[in-house]
Amino acid sequence: MSVAAIYPWVGILLCTLGLFGFVVHRHLLRRLLAFNILGSGSFLVLVGLAQDGREADPVPQALVLTGIVVAVASTALALVLFRRWYRVSGQASLPEDV
Amino acid sequence: MRRKLAAALLCLLAGLALAWALVDRPEPVVDLPRQAAAALPSSGVDHAVTAVLLDWRSFDTLLEVMVLLVAVLVALALREAQPDSPDRMGLENPLLRGVMSWLLPLMLLVAGYLLWAGAHRPGGAFQAGAVLAAAGVLLRLAGVSLSGFERPWLLRTGLVLGGAVFLTAGTFALFAGRPFLAWPESAAGALILLVEIALTVSIGLALLSLFRLTPPYPDDPGVRKAEAEGDR
């Protein structure tokens, strides 16, 4: 097993941890963080698999770069919505979750 | 406790399923790296990742810019009606102001270099835009007023510039009888550079706007504390 092969495994670990955090936590900020960890894990799997054994594959790298930008945008969007929700309701979690 | 245990079990199962998918994965049928290397000379740039982003899969990048734009639009729609004074964001830190006068030219230089380097090595519009946005955030934290933001038409023009140039360039390919977003081979390099410059401006502005449109609310505990300290 080459050194590069460790990246997809770490990515799977991050995915699992992120999923667990997303399911367990009710606070919206924690859920957002967990969701980002889940996303980072999937990026790591993609990039790690792309350089496994052969020379690095540019296509998954470019896809992950696009994915990172979309993740940044969606995180910012979620933060804006979350701040607004907190401002309106004074709660840090959604009512149907409690 | 029971809920947590059930969640842990579920996530463990999901992780195992992922691990199984990783162990038992099929061999790739298409040799993408070789295809990419073979098609690189006709793409107009020398770096494969940039070629994927702005030539072969430019539709993804176009939609990515639109996603960023939608996020900024929602932030614009949801912002509070409040006077946006730079001193509320300022950290009252003379050191930051002083360092910024050294850092700002360097950051602009790095952003320009990253933009230019994207054609033949890692770099490109998003990285350059992120550095630009970081410079803007630091300026804002240092309490510097960015007067361009006071003019809505200027801000909006900058925000849509990237997407607009991208769409225009892609549509002009249609007039030449090519598919949408397929650059003519002779002008591909120049077109990609043009699109990247416009994208850098828009991405930097979008990221900075997202930071800027969510200032601390007047009744946030952190701001109250800062104001109380200012009074003392």
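The following paragraphs lead through the contact between chains A and B and then turn to one residue of chain B. The model is a predicted one.

The contact between the chains draws 27 residues from chain A and 31 residues from chain B. On the side of chain A that touches chain B, α1 (6-24) and α3 (58-89) of chain A each supply at least two residues. The most is given by α3(A), with 16 residues. By class, this side of chain A comprises 18 nonpolar, three polar and six charged residues.

The crossing in which α3(A) passes α4(B) is left-handed. Among the residues that meet here are Val69(A), Val70(A), Ala73(A), Leu77(A) and Arg84(A) from α3(A), and Asp60(B), Glu64(B), Leu68(B), Ala71(B) and Leu78(B) from α4(B). The contact of these two helices has twelve nonpolar, two polar and three charged residues.

Elsewhere in chain B, Arg156(B) lies in helix α8, which covers residues 152-175. Arg156(B) has 15 other C-beta atoms within 10 Å. A residue counts as buried with 20 or more such atoms and as exposed with 12 or fewer, so Arg156(B) is partly exposed. Arg156(B) and Ala37(B) stand 119 residues apart along the chain, and their C-alpha atoms are separated by 39 Å.

Definitions and conventions: Residues numbered from 1 in each chain as written. Chains lettered and ligands numbered in written order. Predicted model: local features only at pLDDT ≥ 70, side-chain atom pairs only at ≥ 80, totals over all residues. Helix = DSSP H or I, 4+ residues; strand = E, 2+ residues; numbered from the N terminus. Contact = placed C-beta atoms within 7 Å. Nonpolar A, V, L, I, M, F, W, Y, C, P; charged D, E, K, R; others polar. Left-handed = near helix turned anticlockwise from the far one by under 90°.
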